[in-house]
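Student: I am new to this model. Could you help me learn to read a few of its features?
Tutor: Gladly; let us look together.

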Amino acid sequence: MADLTHGAVDSLLGVLSAAIKDEAELLSGVQGDIQFIRDEMDSMNGFLLHLTKSGDDHDDQQRAWMKQVRDIAYIAQDCIELYMRITPSHKGFWGYVRHVPELVKTWWPRRRLANRLRDLKVRVRDVGERRQRYGVTVPEAKKGNKPAAVLHGAKGAADEARGAFLLALASLGMDAFLQALASVAMDDDDGAGAEKNIAIVVTLLPEDLRSDKTLIEDLQAVVLRHGDNATICMVMEMLLRALHVSPQGQGRVSKEEVKNLVVAASSSSSSSGAGADLDLLKQVMLLCYSKLSRDYKSCLQYLTAFHEEKSISRTSLVRRWAAERLVVKEEKQSYEEAAEMCFTELLFRGFVYPVEHGAAGNKVKSCRMRDEVKNFVDGISKSENFEGSRLPPHLDNQFRIRQMVAKQEKKLEKEKAERGASGSAVSLNICGVSLPRKQQGQGQVGKSSVSAASSKKLEKSIDKQLKHFRSLPETYRVNVMDLGGCKGLKKRHLKSICKLQSLKYLSLRNTDVPDLPHQIKALQLLETLDIRQTKIRPSCTKRINNLRKLKHLLAGDINHSSCDGSAPFSTTVRMPTNISEMTDMEVLSCVQISRGSELSELENLKKLRKLGVFLPGRQEDINDLRQAISKMGGRLHSLSIWINTPCADDVSLDKKDGDGTFLHLENLESLSIAGMDKSGLPSWVDEGLKRLSKITLCNTPLAPGKMGTLSKLTGLLCLRLHHGSFMEEELAFRADGFIALKFLLLESAATTKLTFEENASPQLEKIVWSMDAKVTATACAPGIEHLAGLKQVVLKGLLEGDSCPLVEKAIAKHPKHRAIEMIIGVWKIVAVTSTT
């Protein structure tokens, strides 16, 4: 806990230093309060540094005191940042005169914050005196102990060792490996089989442990003492991962700890059965948990807020951790980068497991915890935070919100099912996905409206939650408000939420909120605003113009799978008018351009790495975008462009005379273009884009000659060619091309032939081919047997009863055809009910 508290105090000291420099702008007396808080927190920080060096074994008094320091540090930082944000900046007499109206307007909120700072001064003094009053002392520093920030930066050899370990697991086949472990029983007649399975375990151990016969015997003892139960699979997997955390031994389970585990397993084996296995699993989890740094433990405990979720979005989770400041960041590192490292660590150690991967399979999109891990973390969270049988307040409040949304979703699903069963309905099922039902004489019911009674209940549940937040002390920090999927959300609810000025993360995704209130400008510390899949009007972004701390603005509702010449989404918000002043902006996703000059302002966003723009198709807008892309150069990691209306023949994203120096997008990893139906893929997409791993095109023609250029992209993992992107009869993959490609999607009414030469696309694992139902009988895929890594083929667009005999015949020639999953996605009516 010391490293986490030290990080909070260190961050506060930086804010305090900046505030003292601007003392001329502070109300009378506030500067003195800030100076006192800074001096006290500076002294506490020195004490915390000693605690950090002493390790993580702190007694209850030290932990309780550090928790108080951390809480007050966060509260003070928010209060001072808000005060500085609403205090107009002015220099000299005329500057003061010019800002008099603004000073008068903000006098009352500044006065309230000044009073809060005065109260915080008293609390800081009390916390300092409390340490002396209860004798909280500094333990002796452990030799060779390093701060957590150093441990988090494991790179180079450690990363290579982990990669080799995971590759070994994959090559052995983890499912078969775990089944082999589960089948090991205490059978004297099958000792050779047991030794063979243990030998598999040995091959996965770090090199310095393989030769330790005692350790191997201990591991064998753990496996053999527990019989045929799937729990032992989890035990061995987590233990192996903990043993292989780092070749330097930082945070890795030691030999002595394995021996102690064996002793514990021996004592638990006296009570055989599932209970003994669960006891062993709990001991292993406790051992693995003890190897995490304090901030990583806090992030793991935060997952208790997602007990009701079927899966947890990686990006959302990482941003929430960053907003809560649960991670300790290194120098020149952002909180989000530190949170990403934490996610990678928890994933590797087995505390969470992947639910969904990206199309290329190289990145986890969502995850969840196993029930056993969930119960363990829930118990740890309650015991470590002095809350008895309750979760700590910040976790309890997040759990309340997500539980409310989960209950709403269950009620709506039940209501929709009852309504669907009572009337005439025709449901269309394509590749296992049920499309919206239609009733005679009525419109679409897929996005069914909520009944009046249900709407009232939903509003009451939201009112109840907001009433709870209003009852919290004024100094309580609410950093995250995730209302994603919440129905019944009204503008008055948002007005109430906007009073929570410490908010850093606000998600309204997939809600029925109609508008953003003017009060949203009070959220001066907001870093993430997610308004995807909402009906918020385009002009509402003018109300967030003053949110200078905003890092992630996420809007729109993109669906490339429905690209058929229409817009990929129905509505989205406009780009904020003073976007150039939002200098912290990192992600600007799916915003509408209403005037060309907005694009020229993007040059000032030095931290922008992900850009998604929706253009009306005017020539001047395309020119401005091309020049903006050039000036941003290597900053962009992701670029998405959607054109609403057809462009003129001479409009292109290619470099033109007058653009100046065209900087190469050397760090670009993802490119998506929709609507460039005349000019196609720009010429600057070439083999020079070494890091480009994903390309998505829709209504943007890919000329046959351009395939040769794309085939030389050594980092390309995913290629999606939606409607209107490839119109030739044959799509050919030549030898030695697309060496890294893993995922291919093709939607084309004209293409009837997919050709793969020998040594073409050796890593290709999945093909999704959507074709015209009229050509299924003649569609073929010669050379598909050359794809050594092929695992799945999905054929979409067939009519009921149809098949692709030539494609099926080609797959049958594959050496591993029995292991290839083939899915036929047919259009068929699956349910018809009467009108009664």
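Tutor: In strand E17, Leu 744 is the bridge partner of Leu 719. This is a predicted model, numbered from 1 along each chain as its sequence is written. Local features need pLDDT of at least 70, side-chain atom pairs count only at pLDDT 80 or more, totals for chains, interfaces and linings use all residues, and side-chain values use heavy atoms, leaving out hydrogens and water.

Student: Which strand does E17 join, and how do they run?
Tutor: Two strands pair if DSSP finds at least two bridges between them. Strands (E, at least two residues) and helices (H or I, at least four) are DSSP runs, numbered from the N terminus. Here four bridges join E15 to E17 (residues 743-748), and the two run parallel. Strand E14 (residues 694-698) is also parallel to E15 (residues 718-721), again with four bridges.

Student: What should I know about side chains in a strand?
Tutor: In a regular strand they alternate between the two faces of the sheet.

Student: How many aromatic pairs are there?
Tutor: Rings of Phe, Tyr and Trp (its six-membered ring) pair if their centres lie within 6.5 Å; planes under 30 degrees apart are stacked, over 60 edge-to-face, the rest tilted. The structure holds four such pairs. One of them, Tyr 289 with Phe 376, is edge-to-face, at 5.8 Å centre to centre and 80° between the planes. Tyr 289 lies in helix H15 and Phe 376 in helix H19, so the pair ties together parts 87 residues apart in sequence.

Student: Is Tyr 289 buried or exposed?
Tutor: Buried means under 20% relative accessible area, exposed over 50%, partly exposed in between (1.4 Å probe, protein chains only). Tyr 289 is buried at 3%, and Phe 376 is buried at 7%.
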